[in-house]
Amino acid sequence: MTASASSPPLGGVSRTTGISSVAYVHLLMIYVIWGSTYLMVKICLHGAGHILPLHIQFGREGCGALILASLALYRHGLPQRLRWPDLVRCIGTGMLMWAGGNTLATSCAPYASSGFIVMSMGSIPLWCALFDCVVSRTRPSMRVVGALLAGLGGLFMVVWPVIFGHGGISGPHPVLVVMVLQLSAMTWSLGTVLQRPLAGRLAPEWTAAIQMACASCLLAFVLWVRGAPLPDYPAPAQIGAFVYLVIFGGVVAPASYVVVLRTFSPEIASTFAYVNPVVGLLLGWAVLGEQPALLSIAGIVVVLGSVALIMRRS
């Protein structure tokens, strides 16, 4: 499908060769689709039908897993080289990324604006670079250390106005929402780094399908334990947003993300967080009338600048 390129594991990006244009199309798709995800989540949650964030996650991940598994079976047949260690890694990273990272961020949607959630996810490449150094047991360069420190400073600028009630989060516990969003970014980043050894051993569709199926099973158990009622009489806008989340957010983007992970370094693969804040802010402003604080916007510029520093070729 695409030619993979080797890259150093300490936050730098090596020169890549032989990467097809298809890989860049996949990268573009995760930029656009995941930039609009939390807007669609907000539309799902605010309508005539009572829908919980866990309903959204269970539905989109369960349906997405079924569709992806069907596509994988049609295109590749059953997995031929799946070993138990790979299956365990696939399940573990799926729990980190989908039951952890994505679900935690979606759970914050009732309390945080879509633009603020996407800005908070801008820290993902920074966490990815840090975890990549830890997992590979390599010492980061001074450039990477400086970028990480600058990014953390920018993240502090993003959350400062929100913590003190200047927009972005509603409710009595803004600090808790901020902490959950960063835990979401951390778990997604760790799963991103840990799943790279699966490259070449399992078709991208099978990888995403197994990950999402396991996460949806866990979410189904949580919903059952909580005794959560089924959604009732959703509005057409809620149905449309949910279908978008299933088809694009649950099928197209995950499959594209796995392809990107197998083609680029973890830092490049995580640069959807470099573009998503811009897409998310514009959509939140245009569709929902969200007005982020100026300090938060300045902070995300600092975060994205630090990401650009990590991405800069040695």
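Reader: Let's begin with the layout: in what order do the elements of the protein run from the N terminus on?

Author: Keep in mind that this is a predicted model. From the N terminus on, the elements go α-α-α-α-α-α-α-α-α-α-α-α. That is 12 helices and zero strands.

Reader: What share of the 314 residues counts as buried?

Author: For the protein, 52% of its 314 residues count as buried. Sequence separation is another thing to look at: among contacts with a separation of 6 or more, 89% are between residues 24 or more positions apart.

Reader: Which residues of helix 5 are buried?

Author: Start with the general idea: an α-helix has 3.6 residues a turn, so residues three or four places apart point the same way. In helix 5 the buried residues are I124, P125, L126, W127, C128, A129, F131, D132 and C133.

Reader: Which residues of helix 5 meet helix 7?

Author: On the helix 5 side they are I124, W127, C128, F131, D132 and V135. Their partners in helix 7 include Q182, M186, S189 and V193. By class, the residues of this contact divide into 11 nonpolar, three polar and one charged.

Reader: And how do I describe the geometry: at what angle do the axes of helix 5 and helix 7 cross?

Author: Take the angle between the axes, then name its class. Helix 7 spans residues 174-194, and the two axes come within 8 Å and cross at roughly 50 degrees. Helix 5 and helix 7 are therefore oblique to each other. Their crossing is right-handed.

Reader: What about helix 1 and helix 2: at what angle do their axes cross?

Author: Helix 1 (residues 21-45) and helix 2 (residues 53-76) have axes that come within 10 Å and cross at roughly 120 degrees. Helix 1 and helix 2 are therefore oblique to each other, and the crossing is right-handed. T37, V41, C44 and L45 in helix 1 meet P53, I56 and R60 in helix 2. By class, that contact has five nonpolar, one polar and one charged residues. I56 and R60 also take part in the contact of helix 2 with helix 9.

Reader: Last one, a single residue. Is T207 buried or exposed?

Author: T207 has 1% relative accessibility, so T207 counts as buried. Its place is in helix 8, residues 204-226.

Reader: With which residues is T207 in contact, leaving aside its neighbours within four places in sequence?

Author: Apart from those neighbours, T207 is in contact with C90, Q195, L198, L202, V258 and R262.

Note on methods
Residues numbered from 1 in each chain as written. Predicted model: local features only at pLDDT ≥ 70, side-chain atom pairs only at ≥ 80, totals over all residues. Heavy atoms only, no water. Buried < 20%, exposed > 50% of the residue type's maximum accessible area, 1.4 Å probe, protein only. Helix = DSSP H or I, 4+ residues; strand = E, 2+ residues; numbered from the N terminus. Axes fitted to C-alpha atoms, helices over the stretch in contact; angles between N-to-C directions. Parallel < 35°, antiparallel > 145°, perpendicular 65-115°, else oblique. Left-handed = near helix turned anticlockwise from the far one by under 90°. Contact = heavy atoms within 4.5 Å. Nonpolar A, V, L, I, M, F, W, Y, C, P; charged D, E, K, R; others polar.
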